Amino acid sequence: MLRIYNTLTRSKDEFKPITPGEVTMYTCGPTVYDYFHIGNARSFIMSDMIRRYLLYSGYKVKYVMNITDIDDKIIKRANEEGIDARQVAENYTRAFLEDIEKIKIKKADVYPKATDHIHDIISMIARLIDNGIAYNADGDVFYEISKFNGYGKLSGKNTEDLEAGARVEVNEIKNNPFDFALWKKHKEGEPYWESPWGNGRPGWHIECSAMGCKHLGETFDIHSGGTDLIFPHHENEIAQSEGATGKQFVNYWIHFGFLNIDNEKMSKSLGNFFTLRDFIKKYDAETLRYFYAQTHYASPLNFTDEALSASAKGLERIQNLYDKLNEMISSGDTGTEEPAFDLAGYYTSFNESMDDDFNTPKAVAVIFDFAKDANRIIHSGAKFTRGFLESLKEFMDKTAVGVFEIIKVHDAGAGRDLADDLIGILIKVRQEAKISKNYALADLIRNELNALGVILQDSKEKTTYKIH
Ligand SMILES: [Zn+2]
């Protein structure tokens, strides 16, 4: 039985999806004004592992990650670069999608963009005004937090604490300094859309409420994001969605802990700010994923070069076992031996660890225990049945590959990284050829690779390959 620590109830709750066997999950995606950093990467990777475990457990998962493509930061960037805000958003959306593919994050079912949902956003704001919890102040529309009883239920903050504790800029057009913008009146030089309140653009918080409800329904199962989003972003999402629909917005809220670098907060001014792009020049995706999996998603995590190197080294043990099993299976180096091996026990321990609020450190430890045990047996000199070897490989395929993606599947020995990268480039060129309807070139690439024994496999999600 899966239990999830729910920020909303502050307890580990048994997971009961709204529709048995199906999970609806939303995670806050990037604001596309820059490359994302390794702290963001932690949230994206841990969310990906949770989703993969739900799939492993047999759930059908609908996974939505939004893209905030209109925001103050994007406009600022556009002004700095002297280009259109839309161009900034497009450039960094493309970079974002490339980067998450590099760190083996499974594609979301939908990547809704805020600017494609202006209509949904406007209708939600209109509903809030109708319900008497938002007001139009001369073209700016604000959410009136005192009109929503549940305000503060996620973060545990109440409005009095807020007023006592924070410095908020005095804004004469708001009824209360903590009321937040749903719709921002058009300012010169900014992108805008038409609305019943005049030209303007949406606030950040309303985007996630509108897109979550649109793609997953007015109530859905899981919403995840970084701890820094609990307040005000997620608190405001709840206030907006529940204020509009009168229904519970999300049943389980999951939050990812902070990432520190050498025990300090990552910041541009401290010079310890790393984008994922820079990081993956030095380490591979599997190492980063394994490093993150070794700490529970909710705990803070300290990022150091030494810890990363230790992870890379540790990972070799299970990669070697996986490669060895593949080699034994494909070379036909098999026999009749069927040793006693408690494979079911490893599955049980793995599942129990992950069912306990996605305890990834415990679950990866199970994979390492399994590897120790399996290594001892396969290096004993006996010849094992193909079925036995395949059952060991299957365990790794389901856990280390399927759930964590911490080992490489394509291992053709030395030079494999270069071959993998080159095939990756050809796959990309072929995709571009298809987009520009140059089918002759697309076919040429496939056939030439085929002749080398590299078989491309197209699926809805992506193109993979197999070496024969
Ligand atoms: Zn969000």
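**A tour from the zinc site to the cores**

Select Cys208 to begin: at 1% relative accessibility this residue counts as buried. The model is a predicted one. Select Cys28 next, which is also buried, with a relative accessible area of 8%. Both count as buried because the cut-off is under 20% relative accessible area.

Now show the zinc ion. Its donors are the SG atoms of Cys28 and Cys208 and NE2 of His233, at 2.1 to 2.2 Å. Along the chain these donors follow the spacing C-x179-C-x24-H. The cysteine pair links distant parts of the chain, 180 residues apart: Cys28 lies in the loop between β3 (22–27) and α1 (38–56), and Cys208 lies in helix α6 (residues 204–216).

Colour the chain by domain. The assignment gives domain 1 (3–256), domain 2 (276–403) and domain 3 (416–467). Taken over C-alpha atoms, the centres of domain 2 and domain 3 are 29 Å apart.

Move on to the nonpolar cores. The largest has 89 residues, and Leu54, Tyr292, Phe303, Phe370 and Phe404 have the most contacts inside it. Select residues 360–378 for helix α12, which gives the most to this core, with 10 residues. Domain 1 (3–256) and domain 2 (276–403) each supply at least three residues to this core.

Which residues does Tyr292 touch? Leaving out residues up to four places away in sequence, Tyr292 touches Ile38, Ala41, Arg42, Ile45, Met46, Leu259, Leu301 and Phe303.

Finish at the second, separate core, which has 42 residues. Select Tyr26, Met211, Leu229 and Trp253, which are among its members.

Methods. Residues numbered from 1 in each chain as written. Predicted model: local features only at pLDDT ≥ 70, side-chain atom pairs only at ≥ 80, totals over all residues. Heavy atoms only, no water. Donors = N, O, S within 2.8 Å, 3.2 Å for Na, K, Ca; no water. Helix = DSSP H or I, 4+ residues; strand = E, 2+ residues; numbered from the N terminus. Buried < 20%, exposed > 50% of the residue type's maximum accessible area, 1.4 Å probe, protein only. Domains from an automatic or database assignment. Core = buried A, V, L, I, M, F, W, Y, C linked by side-chain atoms within 4.5 Å. Contact = heavy atoms within 4.5 Å.
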